[in-house]
Amino acid sequence: DVLLTDLLLVILLSAGPLLLTDKTQSATVLGWLLCIPVLSMLLVALVGFAKLALKHLQRNTKLYGIFLCHHKAGGGSLSRLLKILISQHSSTRVFLDSDELENLDMLFDIVRTSTKNLVVVLTPELLSRSWCAGEIVTAWKNGIATLPLVCDGFEPLSDEAQKLIPTLWTPHQKVQLASYGVEMDDVNAAYGWLQHELTSLQMPRFGPVSSREDAVVKLLNICGVSSHGRPSNLSRPRILIVSSLLEAEFLSTCEVFQHLLQVELNVECAVVHGMYQMTSFKRFAYYLLVLFFRGIFLDQDFNKLLLSASTACPASRRTLEMVPVIADANFDYPGIDGLLKNCGSPGAHEEQVLRNLRTVLALPFTPLASGGLQQRQVAEIALRCHRYQDSIAAASSDERDDQLVDPDRADPATFGAECADKLVEEPEALDLGHVSSVASEVSEAMAEVAF
């Protein structure tokens with residue numbers, strides 16, 4: 001009422017001057033003025049209808065192009081890596097539960113109403129998890145496009161084992177699933193559909209990250225998502241990352257850490273897989289980040305890499321600065337005696353490196369945390385890499401240092417020759433068994449690269 005009264009007063013005040021003009025002109029102007037409130041009401045009605053239509057369309061639009069259904073303990077880091085790789089090759093939104101903690105009570109609703117593609121990351125224990133079962137059943141019931149992503153170590157369930165899956169769940173878990181409309185018969189039917197009716201895609205957990213990038217590109221094509229970007233090729237990594245790679249999740253954590261650190265510092269980083277890569281990358285690197293997991297010092301390959309990294313590079317004549325990172329809450333430093341024993345009774349220099357490694361404060365990195373928390377942790381760890389706080393100045397300095405690298409000793413193929421030279425000059429200082437082992441690893445790695 002107040003608005004209408006004010007509008008009427010405005011019209012009357014606007015029409016007041018018309019009293020001094022002729023009748024024909026006054027009628028025309030007054031007619032236009034009276035049209036204003038009518039047209040305003042029509043405009044408001046049209047805007048209201050447009051908002052309702054837009055809201056209806058948004059409700060029907062899938063918010064997430066891909067929903068990653070995964071077992072956190074067996075594929076949490078892999079799923080984080082998949083999300084990172086997908087973001088590098090596509091603009092589609094990816095749902096990962098650790099990044100959407102406020103929506104965990106609505107997981108099944110998100111699968112049903114807001115997901116275009118469900119990607120089931122099939123690690124060995126995924127089908128035994130009740131929440132994963134609920135997500136798969138929801139996709140099966142509602143016709144959501146589903147892609148089984150088969151990882152190393154996954155074995156399909158037999159019909160008998162498939163029927164026994166619900167016996168692994170507690171009564172509370174079964175009641176919880178039933179409250180969302182997921183019955184045990186539905187689980188059996190959905191698992192049969194997942195394993196026998198759908199076309200799967202292989203996801204290699206080990207080997208170079210390029211194989212996982214290729215799988216992600218195939219995944220996007222199958223899901224009908226346009227992909228862009230090219231696989232990254234390592235040339236001269238400045239920061240090396242080493243850890244035990246015996247478990248697939250350890251490797252995935254290292255690769256996630258590599259990508260986050262690379263973005264944070266805008267400098268090339270690399271996960272070192274073996275002695276061949278260490279020899280190849282070491283001459284251009286300045287930092288060695290060591291990610292600690294439980295039982296890491298029982299891995300002899302890791303111990304060899306660590307001790308190799310602790311010696312000065314013959315080509316660049318510099319030693320890598322080590323930065324320890326604890327990536328496992330269950331990790332605990334072993335005693336120095338046990339540490340030296342696991343590393344095969346190293347020399348005086350290597351022993352001092354191991355002792356120093358225990359005294360440097362290790363910063364945490366949480367593999368299963370949200371993306372935001374991981375970025376903050378990596379930002380704090382990146383501060384240890386003082387050289388790269390100014391990326392522009394560091395790039396210029398790196399180019400100057402690269403020119404000082406001895407080209408005759410920079411080629412990885414000269415690694416065997418270096419060992420031979422040392423054998424001639426200091427035969428007592430070289431472990432022939434170690435040389436034979438390393439030479440075999442280098443030969444195998446070169447054969448793999450050639451293949």
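This is a predicted model: local features need pLDDT of at least 70, side-chain atom pairs count only at pLDDT 80 or more; totals for chains, interfaces and linings use all residues.

Is Phe-293 buried or exposed, and what is its relative accessible area?

Modeller: Phe-293 is buried, and its relative accessible area is 2%. Its ring has a partner. Phe-293 and Phe-250 form a stacked aromatic pair, with 4.1 Å from centre to centre and 15° between the planes. Phe-250 also counts as buried, because its relative accessibility is 7%, and buried here means under 20%. As for where the two sit, Phe-250 belongs to helix H10 (residues 248–265), while Phe-293 is in the loop between strand E8 (287–292) and helix H12 (300–309), so the pair ties together parts that are 43 residues apart in sequence.

The aromatic pairs come to 14. Another stacked one joins Phe-67 and Phe-95: the ring centres are 4.6 Å apart and the planes meet at 10°, so the pair falls under the 30 degrees that stacking requires. Phe-67 is in strand E1 (residues 64–69) and Phe-95 is in strand E2 (residues 94–95), so this pair ties together parts that are 28 residues apart in sequence. Phe-67 counts as buried at 1% relative accessibility, and Phe-95 is buried too, with a relative accessible area of 0%. There is also a cluster, in which ring pairs link Phe-292, Phe-297, Phe-302, Phe-331 and Tyr-333.

Tyr-286 deserves a stop as well, this time for the charges over its ring. Arg-318 lies over the face of Tyr-286, 4.0 Å from the ring centre, and Arg-387 lies over the face of Tyr-286 too, at 3.8 Å from the ring centre. Arg-387 is located in the loop between helix H15 (371–382) and helix H16 (391–402). In sequence, Arg-387 and Tyr-286 are 101 residues apart, yet their C-alpha atoms are 8.6 Å apart in space. Leaving aside residues up to four places away in sequence, Arg-387 touches Tyr-286, Tyr-287, Ala-394, Ser-397, Asp-398 and Asp-401. With a relative accessibility of 25%, Arg-387 counts as partly exposed.

The length of H9 can be checked: at 1.5 Å a residue, its 14 residues should span 20 Å, and the end C-alpha atoms are 20 Å apart, which agrees. The buried residues of H9 are Val-209, Arg-212, Glu-213, Ala-215, Val-216, Leu-219 and Leu-220. These residues cover an arc of only 160° around the axis, which puts them on the same side of H9. Lys-218, Asn-221 and Ile-222 are exposed on the other side of H9.

Just after H9, Gly-224 takes a positive phi of about 75°. Most residues other than glycine have a negative phi. Asn-266 is not a glycine, yet its phi is positive, at about 55°. Asn-266 is found in the loop between H10 and strand E7 (269–271), and it is exposed, with a relative accessible area of 63%.

A search of the whole structure finds 0 disulfides. Cys-69 is in no disulfide, and the nearest cysteine sulfur, that of Cys-132, is 4.2 Å away; the cut-off for a disulfide is 2.5 Å between the sulfur atoms. Cys-69 counts as buried at 0% relative accessibility, and Cys-223 counts as buried at 5%.

Finally, here is the setting for these details. The secondary structure of the chain comes to 19 helices and 10 strands. Of the 451 residues in the chain, 45% are buried. Among contacts between residues at least 6 apart in sequence, 77% join residues at least 24 apart.

How values were computed:
Residues are numbered from 1 along each chain as its sequence is written. Side-chain values use heavy atoms; hydrogens and water are left out. Rings of Phe, Tyr and Trp (its six-membered ring) pair if their centres lie within 6.5 Å; planes under 30 degrees apart count as stacked, over 60 as edge-to-face and the rest as tilted. Helices (H or I, at least four residues) and strands (E, at least two) are DSSP runs, numbered from the N terminus. Buried means under 20% relative accessible area, exposed over 50%, partly exposed in between (1.4 Å probe, protein chains only). A charge sits over a ring if NZ of Lys or CZ of Arg is within 6 Å of the ring centre and within 35 degrees of the ring normal. The expected span of a helix is 1.5 Å times one less than its number of residues. The arc is that of the directions from the helix axis to the C-beta atoms. Contact means heavy atoms within 4.5 Å.
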